[in-house]
Amino acid sequence: MKKWLSIPLLVLVFISLLPSTASARLPYITAYYDSNQSTWFRIQPIYSPAETLTVELGDPVDITVAPNDEVYVVDKELEQVIVLNNDGKVQRTIGASEGTGKLAAPEGVFVTADGDVYVADSGNQRIAVFTSDGTYQREYKKPDTPLLGSDHFVPVKLVVDRRGVMYIQLNSSYQGLVRLSPDGEFMGHFGANKADQSMINRLKQLVLNKEQLAQEKPALPKPITNVAMDADGFIYTATAGGEGKGAIRKLNAGGVDGFKNKVMYNGHGIVDVAIGQEGFLYNVDLDSMRINLYDHTGDVLFAFGFIDKETQQYGVIGYPTGIAVDSKNAVWISDSGTNMVHKYVRTEFGKDVLQALALYAGGKYEDSKPYWESVYARNDMYNGSFQGLGKVYLHENDHADALKFMKVAFDTDGYSKAFWQIRLEWLQEHFVMLVLGIISGFLVLHFGVRGLRALRRKYPTPSSWKQPLQDIRNFGYVMIHPYEGFYRIKEARIAPWITIALLLSVIAVKIARIYWTGFLFNPVELRNVNALRDLAFFIVPWVTWIIANYLVCSIKDGEGKFREVVQGSVYALSPYLFISIPVLILSNVASLDEAVLVHALNTLATLWMLAMFFVMTQVIHNFDFLETFKNSAISVFAIVTIWVFGFIILGLSYNLYDFFYELYKEVNFYH
């Protein structure tokens, strides 16, 4: 028996000694930004790390890709530029030989279309130029001009345009890039950032006189972090800080920013920017700790990779110093944290989705369709594919499918265009029936009212119902005649069931607006709607108004009783109920072109309700106009005070609960 038992044990030991299968899971997540919902969602990888590049580096501080796809890496510690092929193997080095071409602590490199290599030779305070094979050609020292002052000429990054004009970033310079002609002549500063005025500085300008302001330290613009150039000659500057404002700027020859200093997502700690041949922008950012991908307008699309200073994991960056993109759309990162170069290549999914985005951005809608269909087949949860296919269907005049896909993508603009076309076609087909329906409805309403009046004359309302019906009719009357209506309410003793019924009617309309407002004016997934939360945001302010108004006005000698304040506050909601009905209908038949009607009605309802609450306070408490205004303002302050104390009590209650819960867990643990 023991002999047979030993056989499976030996098998298990043998299996345990076998090498485990390598996991294909990446050490980082990939996410896409859904601009329609203003949030990030996880997605399958669009880029994955390529094979490990074993080149030995000392301190890689910059990287660029030449037109022939050779990769140039600046190594500040080894004081040379290392040239790699597209597989990451060393081809040659530049600037290591002794002589006039010897580099000293270089920090930047740029390769022109002709193969000339421009190096920001920081230690030698010059721009050194080499041929593609590493032969030293010439240098550019600090130009002889008083405009550069007495500061040292320490270039750190640069680009060179087709004319040979150099755009150089000097160390910690806030004046922008320095332009030098092919002859080395100073051509002025270019692309300086704007100085951000803090609130304190603005207050100083208002309070201090000219002499005092002259003694204040001026606000200086942020220095440019890095610079890049695309195939069309546009210059891109990267600037860290400012919460992403102007993190990437696209400058034309006149220095005008095509992105208009826009706020870039994940750009607060930007290190460098690169531009692919398809027009996509790539940046590597220390704040978000990601590599980020943007479209040609600067809107963020994807984020991938991960930055960890303590990393020893394949595909994770230690401390990025530069980013570049080759002709095959591979992303190269120089990393001084791990002293290596990372290469990321597109996955099959990434190829499809980015090709679809590139073709659509170029106006090639039909060509992008098969790529969108492939993306949809690979991932039916990616909203970008729904939006992309929806736009393709829109251009194909397939408005029904466009409407369906745009709704899934929460693209209200595209949905509105498709809806407008469908509505137009429906009106053209059913115009006569629509007119006849409107006329019929008007006649039914007209003669129906007359019939009801005749029935009332024939069968009078019982005397016990006259007052309740009058109280209900006052709900509409008070809208048109607020002063007289609220006087009626104050003098009448309205039955509690009527007040409750009217309030429930308003709540029912609110619920109807939550669930039945048209998609264009409420673009949400109904299953994700939190009706209780929305109702709380509607009811809690109304309840606290009643409490605050009664307490404040009672102290200020107001005549209103609590019952009258409650009744008046219910009747003051009448504009919301009556205006919400046409708003609800319009929201389901209007496009964004007619959105002004819906917004105007919503604004009208809000202003009308505020006026009603004001008149209610004046009438119920028997105040004059100024007293009403003053006590209403105090009531609003009291509401804020109640909310603040409420939040404090909730916070303390949660902390107390958490304390006893942790204590309970500790007691159970030791027992």
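I checked residues 478-645 and found the end C-alpha atoms 34 Å apart. The span is 79% helix and 0% strand; helices (H or I, at least four residues) and strands (E, at least two) are DSSP runs, numbered from the N terminus. The unreviewed UniProt entry annotates residues 478-645 as "domain: Yip1"; such annotations may be inferred rather than shown by experiment.

This is a predicted model: local features need pLDDT of at least 70, side-chain atom pairs count only at pLDDT 80 or more, and totals for chains, interfaces and linings use all residues. Residues are numbered from 1 along each chain as its sequence is written, and side-chain values use heavy atoms, with hydrogens and water left out.

Next, the helix pair. I looked up H13 (residues 562-571) against H15 (residues 595-620): the angle is about 155° and the axes are 9 Å apart. Axes are lines fitted to C-alpha atoms, for helices over the stretch in contact, and angles run from 0 to 180 degrees between N-to-C directions. H13 is therefore roughly antiparallel to H15 (angles over 145 degrees count so).
I listed the contact (heavy atoms within 4.5 Å): Glu564, Val565, Gly568, Ser569 and Tyr571 of H13 meet Met612, Phe613, Met616 and Ile620 of H15.

Last, the sheet. I found an open one of 4 strands, ordered E4-E5-E6-E7 with antiparallel pairing (two strands pair if DSSP finds at least two bridges between them). E4 (60-65) and E7 (90-94) are the edge strands. E4 pairs with E5 (residues 71-75) over 5 bridges. Pro60 stands opposite Asp75 in E5.

Methods:
Angles under 35 degrees count as roughly parallel, over 145 as roughly antiparallel, 65 to 115 as roughly perpendicular and the rest as oblique.
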